[in-house]
Structure formats: C-alpha cells, structure tokens
Amino acid sequence: MGTVTVQRGSGHLYPPRPNTLSLLNDETGSRAALQAEATTAISRTDIETQLPEASESAHSTLAVRALAQGPKAKASLGQLASARGSEAGDSASIRSSIPNGDSGDVESLFMDFAAIAPSSQRQEATGLLDFPEFAADDIDDDGILSEFEAVGELNEEDLLLQRWKAKRKHYVILSAAGKPIWTRHGDSGLISGYVGVIQTIISFYEEANDHLRGFSAGDTRFVVLTRGSLHLVAISRMMESDNQLRLQLEALYMQILSTLTLPSLTHLFSVRPSTDLSRPLQGSESLLSSLADSFTRGSPSTLLSALECLKIRKQHRQAINNALLKTKASSLLYGLLVAGGRLVSVVRPKKHSLHPGDLQLLFNMVFEADGVKAGGGESWIPVCLPGFNNSGYLYMYVSFLDIRDDIENSAEITKDESVAIVLISPDKEAFFEMQGMRDALVTQMEKNGSLKEIKTAIDNGRPTTTDIVPGTVLHHFLYKSRANVQFTMSSYAPEFSSVTRRRRLMSIYNNLHASIHAKNTHVKVHHCVSRSATSFGWVTPVFEFYCIAEPNTNRNALAQSASKIAQWVQREEERLFIIGGAVF
Amino acid sequence: MSESASANAPKPSSSVKLVLLGEAAVGKSSLVLRFVNDDFQENKEPTIGAAFLTQKCSLPTRTIKFEIWDTAGQERFASLAPMYYRNAQAALVVYDVTKPSSLTKAKHWVAELQRQASPGIVIALVGNKLDLTNDGGDVSEAAVAAQSESESAQEGEEGANEEDDAQDAVSGDARRVSTREATGYAEEEGLLFFETSAKTGTNVVDVFTAIANAIPESSLKTGRGTGAGTGQTSLGRSAEDSRVNLDDRNAATAKEGCAC
C-alpha cells in the first residue's frame, strides 16, 4: 500500500492549490465547470409533456430549469426504447414499473410537497397537480423506508425483480468492459442484464466519439458519469437535477478512490481491462451504500457542497482548539472532533485546508456506515482522501467518546449524539501515538469543561426558525457561508421530523438550488410559489440562503424573515462556523 | 507507592498482544465483541482497517490484559497484516465451519505466522459459526467434541463424533469442515483448536483463556518487563510507551514488583 509522506514546509507532494488559510477549499469551482459543460439532457418540460395532466400546471414550474433540448437527447431516448424492445425478457418497461400499488393512484405520483400540509389537507390536495417534482411525495414513511430495504434473496425471480424495480433510486457502477462493480439494490446476478443494456447504450455513443451524459425514460432520469474505466450511473425517479445526480456520482467515485487510490485503480484496469473490481472493493460496499442512501434521504451537505458545524460559543471552541494544539502528536496531519457529522473543531497544518468532499467521505465512514462504530473499540483505517491526494493512503485513528453518562447502553446513543475523535496521520505505524494524543486530548477537555460544553451543545440541537425570529413565517432554512464552505440550518423538527417529510423538504431545496444555479442564469433572488409551499432562495457573494414557508405566504414577510435570519447568522457567525480552526 | 499498589493488586498482571486473522466474514469481530462486551450483532458490517480493543482475562495465578487487534479480512488489507502480527504473542486464526475455503485461507495465515511472526507466538485455530451446525445447539457437547479430539480421543467420544459426522451427511447441517479435519491439521501444526459460536457464546471465552494459559510465563516476563515495549514495537508502540511510562512509571513498577 502506498503511503503519503508528509514533508511539512515543502508541500510539493501535494496537488497544487492556492496557499489559502481558509479551513475548507471551496469546490464550487469544479461545480461550475460541471454546469458549464454541454449537455444532452432532455429538458424537464419535455418530461412534463409526457405526463398528460401535468402541462396544465407547467407554468408554475421552475422554468429556468429547462435545458437545451437537442436531437441527441431524442436519439438517446430512441436508443433506450429499441434496446428495451430487443430484450424480450425485459418486456416490463421501466415506465410500467411505477409502483401504483404502494403510492396510490397516478395523480398522487405527481404531487409535490402538498403532503407537507397537515394530513387533513393532504386529502384535499390529492387532486391538485403541482409541478411534477418528486414522484415519491405521497408515500408514507414505510414507503420511503422500504427504499432502503434489501431486495432480498428470494428464489422467485419475478418478485425480486418487482421489488427491485419499485425502488425510486438506483445507482449502478460498471466497468468500461461491462462488468458490474456495485449496485445499491440487488446483486450482480439480478442487474447483469441491465448492466448489459446500459453498457450498450454508453458504448453506442462512445463509438461516435460522444459522451452520453444523461437521458430520460418516462419520469425516470438516467445520468451517466464516466471516470477512467468506470461508468457510474444514477437512475432516479425522485426528480433530481442532472447536476445534483452527477455530484452524487462524483461522491461515489471519490469513495472508490478513497478505498483503492487512483494509481492502483488505473493499474488494475491497465493490466487487465476486464478486471472484476468488486473483489478489491470487497468490504467497502457498505460505505457506498450508506453514501447512496444519504443522497436518497436528502443531504444538505451534498446539495450545498459544504459542512455543518456544531454551534458552540467562541470561547469554548477556542478552548477545544487550544487543547488540540497542546496535545498535537508530531506525526498528526489532521485532527477532527466531530459530533454526529457536525464538526466541532479541527487542527490542521497551515498549508493544507480540508476538502468538504473528503470530510463527507470520512463522516460517512465514521457516522453513517456501521463498520467502524460497531467494532466497539478504537479503529485504525487506511484511507485515501482524494481531495487531499488521490495517490496514497493516510491512516485514520477513530475513537468514539462516551460523553453520555446518563445513557447506559451505547446502542441507544443516536447518530446525532455520538462524538468521535478522528486523528489522521501519514504514518501507518502511528496508531499508539494517535492513541496517546486522544488520551491527552480527552483529559484536557475534561479538565477545561469542553466535554460538558459539547454535550450541552448537542442537547440543545439546532434552533427552530421561531427561536431565531419569533413568529416567523419560515418553516426551515439553509444558510451557506460561501467563504467558509460551511452551512447552518434550522431544526428539522417539528415539521420535518419524519424521513418522508425531510426528503420532501430536500426536494424543494433541490429544485430551488437547481433553479438558482442553472446554467446561464444570474439569479440573485428566486421566489417560487406552489399550492403547497413557498420557497425562497437568495444568493449573494457572501452567502446562499434557502427557505421554505407555508403556501401563499406574503412575499414581504418572507423577505423580512429571510433578512432577519441572515443578520442572525452574521451575528452568530463565530458560533455557527469554524473560522480558521486550530492551525499549526 | 509500589507497596500500596501490590496490596491492591493481589494477582500479577501482564499485557498480551493478540491478533485476529482470517478470511472476510468468518466472524473475527463477532468473536472479539462476544469476548469483550458479551454482545452479538446479527449482520455486522465488515470491519474497515483494524479495530483495537482490550479485555482482561483472569487466571487463577495472574491477570492477562489482552490487547486485541481485530483485522479486516478483505484481501486489500492483507498487506497491512504484518504490522499487526509483528511481535504479537498470540494469534487467533479464524475460519468458518460452513465454508471450506476459509480453512484454506486460515492455513495460509498459519503458515505466514510461522514464517514471519515472533517464534514463540501462540496460535489458536478457531472454527466459528458452530451454531449453524447440528452440534451448535449443545454447548457442552461441542466443547467436549473439540477437546476430546484435540487431546486424547477416548473411544466412546470418538464414536460420538463419528455419529456426528454421519449425521451431517443426512441432515441439512451447514457444516462443511469436519472437526476431525481441522483437529488433524491443528495437531500437526501444534495449534490450539476450538470450535466456537460467537452468536451463542459457545467456547468463546474458553479460547481466550486457553491462549492466556498457553503463553509461557517467561515470555510474559520479558514482554512486560520491556514494556509493553518490545512486545509491541510495531505500530510505534515502543516510542510511545517510553513516553507514557514517564508519567506512569510508578504504576508500571508496581505491577512488576508484584509479578515476582
């Protein structure tokens, strides 16, 4: 296994990057590049015309979303149709697999967030057709939870296939040679036929020196991302934009790099193009799956390409920073204190900022996937952080802190409450050094009361919108500080506590975000009214702000609340965000 | 200081570095979790990298503190294994009694350990997932079966085992590696041998106790004397320990004092 050697002060081993002191590198650059690329995407309005009743409300759609509709896109649809037609066994088309059974009648499929309204209003809203935004909107919690259930290993293939097709979101990773590498749902046996179809479609374009980027079939969107010898495919019936799906695929690709490193990935395929990559990836499937599920559930962090921090007083954060600096082990590269996916504090070398994409992978591994936490002890994990350096491994020490003495059974500690110390070193033999630092750090933090402060901050949770602005019309907001590449948001509770509602909320944000960041638009304020909710986006050079309110909310009240929250964030900036962090 | 500590700790205590090796999904982490937390998780996610846990094991004459390296079984982590077994005093090489290929892999690990680990390393071969076999239900029977074969096989019990084997063939028993085959191999190579179930707990503590008993007193003394030092030079332990011992000298000498 290759190792990254850190030579402090030289930095020539690392990819060139601006010598910035900022904590995080903004990746909006790469995002902008993604958006600027040509697309063969079918416009969303095109999808709508395929839905008989939807056109009526199309005017309320986010029309800015419409992307160039080219002849290529038509060809891709035709291609899909013919491919499907030729496969006799696949007569059940993707479109016909819309699970009428579990989500009621067809109308309800095209409802958007109407169900955010209390259930009494939900009934009344069923007949209404808002823009077709999120097909899964009208399902109950069981519906969305079943999305994450295993397809199973039944003998009855028909039933298996039916369950597989009922999933609203699929991710498939295959090699250029057509070998299935990973799929979120089902196994390689189940998907091999589809992988063949996908590969045929992709290579059809490749033969013409063209790159297939995406196509639609009914209300299903297919997005393809090609990286080296890998094709990553997202198949979504959740009405996400191409850019959003592409970002998700990028993250999955980063996870593969994180497991294997780029040189070894390249080597495997250059030696044998038909390599079965699922073998070297063995054991990391759960990381890919938990990453994929967090996208399906809806992740503000992925949407905004930013990180969330634990809100804590400046002086308390400073005390933790000092403890980190005081106990810093000599071979330490990065040290992180993380509470349930929210960063509490970070210690890092002056020359190296952290990449949100890398942290997303780390947090996914530590908090979302069970492999680390279920181990029950301290962990020592070789990991490649592709944003930092995609060619070698770093070694990560992970230890969970027991700060909840009131809870006896550690299994009862929820994800949001678990606190982890993550120490990263380029030295693969540095485990005990890191362990020593951890012990010293915990002692320090116990002594200066930091652990208690962290516990209090976790208990306090995120503020609700009415905590911040009493009587506000807003139900929820996201605020991204562009300079810090960090975001903050209000509590999901009470309106968005359930998985379904949270997913729906994220769909609204997805739409809002896509509209504001659509190619060739220079929107600063975006106000979107539907029959079930009002959403509002506001972008300045300093921040991005997105919020949701009741339908028919007065625009002035909305704008007023928004600016009050922006002011609040600016006032609380040093509590909400880590500015600089502990630097050595 | 030394006196008071020895009064508090009637039994000498020493650290033993133990490493678990074996194919993916044979139940290494589950064995450790059963031993350390007396807990079992169905469908546990695979270990990533390695996990480090400690657990004390009390023997009549002394206390052994196991420092356990639970390694990931996947192929891509194999190159890191030497780091964990270097200077280990004990190793648990685990296979799955329902999967013959896992025994083959276990044999490879045993060979590698014999070639490259410390000469005095105590190796236990452990066949896990006994609960999936027909003898999984009865704790004592399984224990007897394993022991009787590894030690002097007595007639009656030998007969019982043959019966078991015969049963395996007819019933839907998931066992695919016979106790006899594994015992034979373990005897040949001079390994401790157990069949366990992390799920039911059968024989799990017994494995660790047997290892604790099998570690020669002499190796414990040196292992402890030079600190958890020479015992653990890998992973930078020696450097770290010399530092920690500065703060902790009193406690360390106290332990030594009472070991004599």
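At what angle do helix 2 and helix 8 of chain B pack, and how far apart are their axes? The legends below begin with that pair.

This is a predicted model, in which local features need pLDDT of at least 70, side-chain atom pairs count only at pLDDT 80 or more, and totals for chains, interfaces and linings use all residues. Residues are numbered from 1 along each chain as its sequence is written, while chains are lettered from A and ligands numbered from 1 in the order in which they are written.

**View 1. Helix 2 and helix 8 of chain B pack at about 85 degrees.** Helices (H or I, at least four residues) and strands (E, at least two) are DSSP runs, numbered from the N terminus. Axes are lines fitted to C-alpha atoms, for helices over the stretch in contact, and angles run from 0 to 180 degrees between N-to-C directions. The angle makes helix 2 of chain B roughly perpendicular to helix 8 of chain B (under 35 degrees is roughly parallel, over 145 roughly antiparallel, 65 to 115 roughly perpendicular, the rest oblique). Leu31(B), Arg34(B) and Phe35(B) of helix 2 meet Val204(B), Val205(B) and Phe208(B) of helix 8. Contact means C-beta atoms, placed from the backbone, within 7 Å. These residues divide into 5 nonpolar, no polar and 1 charged. Ala, Val, Leu, Ile, Met, Phe, Trp, Tyr, Cys and Pro count as nonpolar, Asp, Glu, Lys and Arg as charged, and the others, Gly among them, as polar.

**View 2. An open antiparallel sheet of 5 strands in chain A.** The strand order is 2-1-5-4-3. Strand 2 (180-183) and strand 3 (214-217) stand at the edges with a single partner strand each, so one side of each has no neighbour in the sheet. Two strands pair if DSSP finds at least two bridges between them. Strand 1 (residues 169-175) and strand 2 of chain A are joined by 3 bridges. Val172(A) has Thr183(A) in strand 2 as its bridge partner. Helix 9 (residues 188-207) of chain A packs on the sheet, touching strands 1, 2, 4 and 5. The helix direction makes about 70 degrees with that of strand 1.

**View 3. Chain A meets chain B.** The contact takes 27 residues from chain A and 31 residues from chain B. On the chain A side, strand 9 gives the most, with 5 residues. That side divides into 12 nonpolar, 9 polar and 6 charged residues.

**View 4. Strand 9 of chain A pairs with strand 2 of chain B.** The pairing is antiparallel, over 3 bridges. Trp380(A) stands opposite Ala50(B).

Terms used
Two residues are in contact if their C-beta atoms, placed from the backbone, lie within 7 Å.
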